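Subject: Structure handover

Hello,

Please find the structure below, with the sequence alongside. My notes on what was found in it follow.

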Amino acid sequence: MRQDRGVLLREVVNTSEQVASTSKRLAKIELLAGLLDRLDPGEVEVGVGFLTGAVRQGTIGVGYASLSEPAPPVAEPSLSLPEVDRVLTAIGAAGGPGSQGERRRLLDDLLGRATEPEQHFLVRLILGDLRQGASEGVMIEAIARASAVPAAAVRRALLLRGDLRVVARVAMTEGRQALEEIGLEVLRPLLPMLAQTAGSVAAALETFSPAAIEWKIDGARIQAHRRGDDVRIFTRNRADITDRLPEIAAVLRGLDVESIVLDGEVISLRADGRPHPFQVTMSRFGSKVNLDEMHRELPLTPFFFDCLHLDGEDLIDLAGSERAVAFERAVPESLRVPREIVGDVGAAQSFFQQALEIGHEGVMVKSLTAPYEAGRRGSGWLKVKPVHTLDLVVLAVEWGSGRRRGLLSNLHLGALDPPSGGFVMLGKTFKGLTDEMLRWQTDRFLELETHREGHVVFVRPEQVVEVAFDGIQASSRYPGGMALRFARVKGYRQDKSAAEADTIDTVRAMFERSAG
């Protein structure tokens, strides 16, 4: 049993910087595990939260303006983790008349006692912009190493408890047995299972066949819990939104069950049953005002697709086919996403085309034998969507952070506007870039540089890039009124000039077709 030793914020900051500066996964794990082993039991949750950029207090009501001009830093570090945690709690708890001034006073005092590296760390931590390479997967391995508990046990506990800070404390202070006693709790959200991508239904069926195939609904993911008359509805990020979805809560209370946990989506449908554009659903989903009026004018329809718990029995470890039996017994067909069992490509392709014709974004192909892998991008679920691509022009590039520090990363993408000869910006992306591409584009865009504004390097609009994306949505942020959804780089087109890029008219036509 190790002796309890306090840890200064300086040690967390140093570890964070070391983790950010290495691309080697094993080195990251060793650095994090070394720090975790030095934390006192009462510091574990705070330390893990700081290292993963997720403070216990969540949003504390402090914006960029309050952090832009901190007091001069001190030379010698003295802040401890518990001290910083107490101040963050006090800032978040400040309310009523004079609360803004009190938060500012507390914040100024905290930053005034920090060294320069600590100030930079705290500012990014409070703003939720701490990208340091301590990903959830790396932290799980570090917790396992520091606590001598199998990583699988840490991962499973996280999937069921949903809070890495709590799981770390249990592993570090109570050990494997306590960790394995963590289970699914009705009315407490768990992390949702995620899907991998297949290029086609044929490719998906090569992975497992026969398989279940379902519509992929382009809505908002929810997790719905009920115990007796008590209902809770959560987002995919585990935020409680029960009050925003009275129609969904009513549906849950109408089920002939005592307790249930369902995974699904909600979507806003037109009178003909076709989906409204994604943004319409999200506008309704995110609304916190005029709920009665919104409920009447723009109701949400649930499409449930999995059952994780039913009447006292946890189902997540059962095969997909077994969960489906319980699901179909408890949930009427009108509330279930359309689903078939297919064993040949022809039937799967026909189902895929039907989903697209109705207006949905594709299909999910699911193993009949896989368990529900909460919180993981499991191999048992494959999503298949049509891939759209455009050849666009790079207008500017942003310097990267973390392991991309020193490299130009985030691309500003524009479509050609033939009448003016200019370009209309459609969004940004840093997805799909390999290390080799990052190095190449850094050299390339520094050659094309025209000027800089902060961390943005503006370039001559000459380089064409092929971009894949999932759809086009309305956007007031960009001058064309549109933005690409989930854009990612497929590759650079050295064979095309900027004059051969796709036009804003092409993009607008695609958008209008999708809006239907």
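Strand S11 (residues 388–399) and strand S15 (residues 456–459) run antiparallel and are joined by 3 bridges. Across that pairing, Ala396 stands opposite Phe458 of S15. Please keep in mind that this is a predicted model.

S15 also has a partner in strand S14 (residues 449–453), with which it pairs in the antiparallel sense over 4 bridges. S14 and S15 make up a hairpin, with 2 residues between the strands. Gly454, in the turn, has a positive phi of about 65°.

Next, the open sheet. Five strands are involved, and the pairing is antiparallel: the order is S4-S3-S5-S6-S7. Strand S4 (230–235) and strand S7 (313–314) are the edge strands, each pairing on one side only. Within the sheet, strand S5 (residues 259–267) pairs with S6 in the antiparallel sense, over 8 bridges.

Helix H14 (residues 278–286) lies across S4, S5 and strand S3 (220–227), and runs at about 40° to S3. H16 lies across S5 and S6, and its angle to S6 is about 120°.

The largest share, 5 residues, comes from H16. By class, the lining of the largest cavity has 6 charged, 5 nonpolar and 2 polar residues.

Helix H1 (residues 9–21) packs with helix H2 (residues 25–38) at an angle of about 170°, their axes being 9 Å apart. Angles over 145 degrees count as roughly antiparallel, and H1 and H2 are therefore roughly antiparallel to each other. On the H1 side the contact is made by Glu11, Val12, Thr15, Gln18 and Val19, and on the H2 side by Lys28, Leu31, Leu32, Leu35 and Arg38. These divide by class into 5 nonpolar, 3 charged and 2 polar residues.

Helix H3 (residues 44–52) and helix H5 (residues 81–93) pack at about 75°, with 10 Å between their axes. Are these two parallel or perpendicular to each other? The range of 65 to 115 degrees counts as roughly perpendicular, and H3 and H5 are therefore roughly perpendicular. Val46, Gly47 and Phe50 of H3 meet Leu81, Val84, Asp85 and Leu88 of H5. The residues of this contact comprise 5 nonpolar, 1 polar and 1 charged.

Regards

Notes
Residues are numbered from 1 along each chain as its sequence is written. This is a predicted model: local features need pLDDT of at least 70, side-chain atom pairs count only at pLDDT 80 or more; totals for chains, interfaces and linings use all residues. Side-chain values use heavy atoms; hydrogens and water are left out. Axes are lines fitted to C-alpha atoms, for helices over the stretch in contact, and angles run from 0 to 180 degrees between N-to-C directions. Angles under 35 degrees count as roughly parallel, over 145 as roughly antiparallel, 65 to 115 as roughly perpendicular and the rest as oblique. Contact means heavy atoms within 4.5 Å. Ala, Val, Leu, Ile, Met, Phe, Trp, Tyr, Cys and Pro count as nonpolar, Asp, Glu, Lys and Arg as charged, and the others, Gly among them, as polar. Two strands pair if DSSP finds at least two bridges between them.
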